[in-house]
Each structure stands twice: as structure tokens, then as C-alpha cells.
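Trainee: I've got this one open on my screen. Walk me through it, please, starting with helix packing.

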Amino acid sequence: MFLLTALAFAAADVTRVALPADGGLPERAPAAVGMSAERLSTIDRVVQRGVDAGGFPGASVVVGRKGFAVWSKGFGTLDWTRRTRVSSQESLFDLASLTKVVATTTAIMVLYDRGQLDLNAPVSRYLPEFSGGLKDKVTIVHLLTHRAGLPAGRELWRIADSPAAARAAVLASPVQCVPGSCYEYSDLGADLLGFVAEAISGQPLDVFLQRQVFDKLAMTDTRFRLSEADAARTAPTEIAPPRGYPLRGEVHDENAFALGGVAGHAGLFSTAADLSVFAQMLLDGGEYHGVRVVADSTVALFTRRTAGHRALGWDTCDGGAGCGQFMSERAYGHTGFTGTSLWIDPDRQMFVILLTNRVHAAKARRPSQVIADVRNDLADAAVLAVMDDPDGVRAMPVSFRADLAKDWNRPLRSSRASRAAARRRAAAARRAAAAKKATTAKANTKAAPAGKATATKSKGTSPTVKKATAKKVTAKKVTAKKATAKKATASKATAKKVTAKKATAKTSAAGKAATS
């Protein structure tokens with residue numbers, strides 16, 4: 001039985017999709033899938049504005065609908081030397097956090113689909129090293145929805161001198177709140193999911209994904225740890241990282257590098273063409289060209305909202321995550337720090353892919369604002385180009401975010417100036433608080449009766465002062481008692497004198513009477 005199961009898995013492993021020779025989806029004219037080519041041309045304008053403004057040297061874009069690529073283009077060049085043009089088919093980009101969904105979440109989906117993983121099981125079932133205290137309450141779902149209570153990340157590259165040490169540091173990460181009760185977007189959670197996939201499959205994460213996902217879909221340009229031969233067509237990233245040399249073809253994320261270049265949160269490289277096949281597989285319910293990766297029910301489960309705006313592994317479109325403002329409520333996707341994004345709208349049977357290297361010596365003062373606007377504009381332009389939407393055709397805006405370029409080059413304050421400004425604000429806040437406190441105290445003193453004023457003042461006094469006050473009060477009481485006693489004694493003495501005088505007077509009167 002075990003042999004038959006193993007042979008079945010082996011047979012599934014070698015089943016592959018037959019795709020166009022140049023890779024990616026087959027192409028169709030926009031009109032053939034109910035879209036407007038004129039409206040889609042807006043994409044060219046907004047993306048090129050991002051390049052011209054210095055937000056990134058180049059970009060790769062694919063918009064797909066109903067099983068076809070309708071807008072597949074490269075913009076600018078791989079770097080600022082302007083030597084190599086970007087190609088949506090061939091140019092490789094560091095996907096950064098798109099790794100979390102294209103790689104790690106997909107691995108978890110495959111294992112769940114096979115019945116090898118329980119989403120509600122504690123992580124410690126698969127990773128015994130991750131146990132004790134609140135860790136025992138962390139489930140797979142908590143990791144997928146970023147509600148495990150883990151911190152956003154740790155500087156593994158500072159504290160670990162080997163991938164094994166970095167892995168140990170991830171496993172030792174503290175759980176800072178009761179799992180499920182708080183939200184913190186965490187790279188560490190994705191890393192743990194990668195470890196879980198390795199523990200269940202018995203294979204390194206990159207090997208498992210290559211066999212079970214990427215090879216099946218003929219995604220020949222999607223992998224971790226590129227070869228030297230790939231460097232020439234790879235978009236460079238950081239020019240002065242902590243590693244001490246410019247990065248090209250090597251993962252940008254320092255923690256992923258510390259983990260050996262293969263990590264649950266970052267490390268994957270791909271082309272826009274390859275990602276278009278992956279996106280279409282999800283739109284087709286986990287299958288593409290007759291090759292099934294996961295069940296359609298698994299795709300539905302992992303891509304619907306589960307906790308807040310998060311799905312399982314995926315994010316959902318709530319209007320501010322880089323998916324514009326017109327995608328449907330069921331749209332899902334993710335972004336990456338290097339300037340990447342993938343958004344899928346199942347209601348419109350479409351997807352939008354943007355790959356850039358905005359971390360490569362950006363010339364714009366605020367490249368993060370540039371990429372944010374271009375991402376949103378790209379998504380909006382794609383949706384606005386749909387001509388057969390049941391809700392009707394939407395009106396095109398007078399201008400897009402990239403046309404306004406708001407805050408793209410607003411001057412940045414130096415760190416020293418920022419710190420000085422922060423200190424001034426803090427000092428002003430302290431002065432304002434002190435003044436308010438003094439005013440309140442003064443008002444209370446005026447408003448309180450004489451008897452209560454003393455009580456009010458004594459509330460803030462120290463224990464020593466309170467004792468001294470108590471002693472004074474006691475002394476006053478003793479003095480008062482003594483004074484009362486003296487008065488009483490004096491009254492008695494006076495009374496005695498009066499009585500004596502009366503007695504003398506009576507005796508004198510009696511003597512006089514006897515004499516007469």
C-alpha cells in the first residue's frame with residue numbers, strides 16, 4: 001500500500017503543463033476578453049511616471065483575464081545604467097514577501113489538501129521545539145492570519161552566525177500575547193510555517209515547492225537561490241546592504257539570507273510571466289491546463305477572509321493595501337517590500353501583477369509613496385478597463401495618483417533634525433501637562449470649602465508630613481484637655497472659697513445674735 005501511494009505521488013510529481021514556448025499565459029487582445037485597450041493604456045502612463053520620477057529603474061507588468069494575458073509589458077531598465085531593458089517574460093525579480101503566498105502558503109495548501117496537516121492543530125505538534133507557555137496555544141491558523149502573538153521580526157542576521165542558529169532563534173521567539181487576541185504582521189510566523197512544511201514533507205521547502213508546484217506548472221523561472229548565470233537578467237536591489245556588497249541575484253532580505261536564502265517569509269525569485277500562470281491556476285480553482293495542484297475547495301478556504309482583513313496566508317483587498325479602490329470584496333493578494341505585488345479578483349476573473357526593484361538606489365525622495373501610488377493606479381486602471389462588468393462600466397477619473405505625484409519628492413528631514421523636533425515636541429507636551437496640572441490644582445483650591453481645602457492639600461503629602469500633622473493634632477487635643485481640667489479645678493476652688501465665706505458669715509451672725 002505504501003509503495004502504491006509513493007508511486008502515485010511520484011506520478012503526480014512528473015505531470016506538467018504544456019505552455020507557450022516563451023512561458024506565461026497565451027495572449028489575447030483586450031477586446032476578446034471584454035476589456036478596453038484604450039483604458040488599459042493608462043497603465044503605461046502611470047508605470048512610466050514611476051520610472052521617470054526615480055521611484056524604480058524598471059517594472060514588469062502582466063494583467064490577465066479569463067485565462068489570457070491581455071497586457072504584458074516591461075518598463076524601463078533593470079538598473080540605472082539603462083543597459084538592459086525589462087522584459088515581462090525574462091526579467092527576474094526578488095519577490096520579497098510575495099514568497100509568503102506564492103511559496104509558503106501554497107506549500108501549506110498542498111499539505112492540507114492531502115490531509116497531512118490540521119489547520120487547527122497546535123504548531124508544537126509539528127515542531128516540538130516550539131513549545132512551552134503560550135507557544136502551546138499557537139495554531140497553524142494563528143500563523144497564517146498573523147495572530148500568533150509573535151513579534152514582527154528579529155534581527156537574525158545580527159544574532160546568528162549560521163542558518164541553523166537563525167532557525168533556532170526563530171523557534172525561540174517569544175509569544176507576546178494570547179494567541180488569537182492580537183494582530184501583528186510577522187515574518188517569524190511565515191518562517192515557522194516553512195519549518196512546518198519541511199517537517200511534514202521531509203524535504204527542504206524549496207525542493208518540496210519545486211516538485212509539487214513550480215515544476216507542475218512549468219514555472220521554470222521561479223526558484224530560491226539563483227545561479228550566477230541568472231544574474232544578468234535579474235533586477236538588482238540594495239547597493240550598500242549590511243553584507244557589504246551590492247546585491248544582484250541574491251535575496252535582499254537580511255534575515256532570509258541568514259536562514260540560508262530559503263525562508264518562509266522571503267527569498268523567492270520569479271518573472272511576471274511565471275506568476276501569471278500561478279495566478280491563473282488559483283482563478284481556475286487550483287488547476288491549470290489539466291494539472292491539479294490543490295482542490296478548488298482548498299483555494300476557496302485559503303483565499304476568503306478569516307480574521308479581520310486577512311485570509312489564510314493571503315491578504316484581502318480593503319482599499320488601502322495596493323489593490324486600488326475598485327476590486328471586488330473577494331479580491332485577495334499580497335505585496336512585497338522590494339516593490340512587488342499580486343492581486344487576484346475572482347469575481348472579474350482577472351489578476352494584476354507588478355514587479356519592481358524600488359529598493360535599488362531610488363532617485364525619488366519618497367520611493368515608498370511612488371510604489372504605493374503606482375500599485376493602486378495599476379489595479380484601478382485594470383478594473384476600469386473591464387467593459388462587461390455586471391455593475392456597468394465605471395467612469396474614468398480625470399487624473400490618477402501618479403498624475404498628481406503627491407509627496408513623491410517632498411523633502412525629507414534629516415534624522416538629527418527629526419530627533420531634535422521630537423525632543424521639542426516632548427518638552428512642549430511636558431510643559432503643557434505641568435501648566436494644566438497647576439491650573440487644575442488652583443481651581444480646586446478656590447472651589448473647595450475651608451475644611452476641605454486642608455484635606456485636599458494633605459492628599460498629595462508624604463507619609464512623614466502626615467505623621468507630623470497627626471502629632472500636632474494630638475498635641476492640641478492634649479493641651480485642650482489640660483486647659484479644661486485647669487478650668488474645672490479653678491471652678492472647684494472658687495466654689496470652696498464661696499462656701500467657706502458663707503460659713504464664716506453665718507458663724508459671725510450667730511455670734512452677734514447670741515451677744516445681743
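**Helix packing and a few local details**

Mentor: Helix α3 and helix α7 (residues 187–201) have axes that come within 10 Å and cross at roughly 40°. That makes α3 oblique to α7; oblique is what remains once angles under 35 degrees count as roughly parallel, over 145 as roughly antiparallel and 65 to 115 as roughly perpendicular. The axes are lines fitted to C-alpha atoms, for helices over the stretch in contact, with angles from 0 to 180 degrees between N-to-C directions.

Trainee: Before we go on, what kind of model is this, and how are residues numbered?

Mentor: This is a predicted model, where local features need pLDDT of at least 70 and side-chain atom pairs count only at pLDDT 80 or more, while totals for chains, interfaces and linings use all residues. Residues are numbered from 1 along each chain as its sequence is written, and side-chain values use heavy atoms, leaving out hydrogens and water.

Trainee: Good. How many helices and strands are there?

Mentor: The protein chain has 16 helices and 11 strands. These are DSSP runs numbered from the N terminus, helices being H or I with at least four residues and strands E with at least two.

Trainee: Back to α3 and α7, then. Which residues meet there?

Mentor: From α3 you have Lys 100, Thr 104, Ala 107, Ile 108 and Leu 111, and from α7 Asp 187, Ala 190, Leu 193, Gly 194, Val 196, Ala 197 and Ile 200. Contact here means heavy atoms within 4.5 Å. By class, the contact of α3 with α7 has eight nonpolar, two polar and two charged residues. Nonpolar covers Ala, Val, Leu, Ile, Met, Phe, Trp, Tyr, Cys and Pro, charged covers Asp, Glu, Lys and Arg, and the others, Gly among them, are polar.

Trainee: Is the crossing of α3 and α7 left-handed or right-handed?

Mentor: Left-handed, which is the label if the near helix is turned anticlockwise from the far one by less than a right angle; clockwise would be right-handed.

Trainee: And at what angle do α3 and α8 pack?

Mentor: Helix α3 (residues 99–113) and helix α8 (residues 205–214) pack at about 70°, with their axes 10 Å apart. The two are therefore roughly perpendicular to each other. Val 102, Ala 103, Thr 104, Thr 106, Ala 107, Val 110 and Leu 111 make the contact from α3, with Leu 205, Phe 208, Leu 209, Val 213 and Phe 214 from α8. Those residues divide into 10 nonpolar, two polar and no charged.

Trainee: How about α3 with α10? What's the geometry?

Mentor: The axes of α3 and helix α10 (residues 272–283) come within 13 Å and cross at roughly 35°. Val 101, Val 102, Thr 106 and Met 109 of α3 make that contact with Leu 275, Phe 278 and Leu 282 of α10. It divides into six nonpolar, one polar and no charged residues. The crossing of α3 and α10 is left-handed.

Trainee: New topic: how many aromatic pairs are there?

Mentor: Two, counting rings of Phe, Tyr and Trp (its six-membered ring) whose centres lie within 6.5 Å, with planes under 30 degrees apart called stacked, over 60 edge-to-face and the rest tilted. One of them is edge-to-face: Trp 314 and Tyr 332, at 5.2 Å centre to centre and 80° between the planes. Trp 314 sits in the loop between α11 (296–303) and β8 (315–316) and Tyr 332 in strand β9 (residues 332–336), so the pair links distant parts of the chain, 18 residues apart.

Trainee: Is Trp 314 buried or exposed?

Mentor: Buried, at 1% relative accessibility, and Tyr 332 is buried too, at 3%. Buried means under 20% relative accessible area, exposed over 50% and partly exposed in between (1.4 Å probe, protein chains only). Buried residues make up 47% of the 516 residues in the protein chain.

Trainee: Last one. Where is Ala 96, and what is its phi?

Mentor: Ala 96 lies in the loop between β3 (93–94) and α3, with phi near 55°, a positive value in a residue other than glycine. Ala 96 is buried, with a relative accessible area of 8%. Gln 349 also has phi near 55°, but at 42% relative accessibility it counts as partly exposed.
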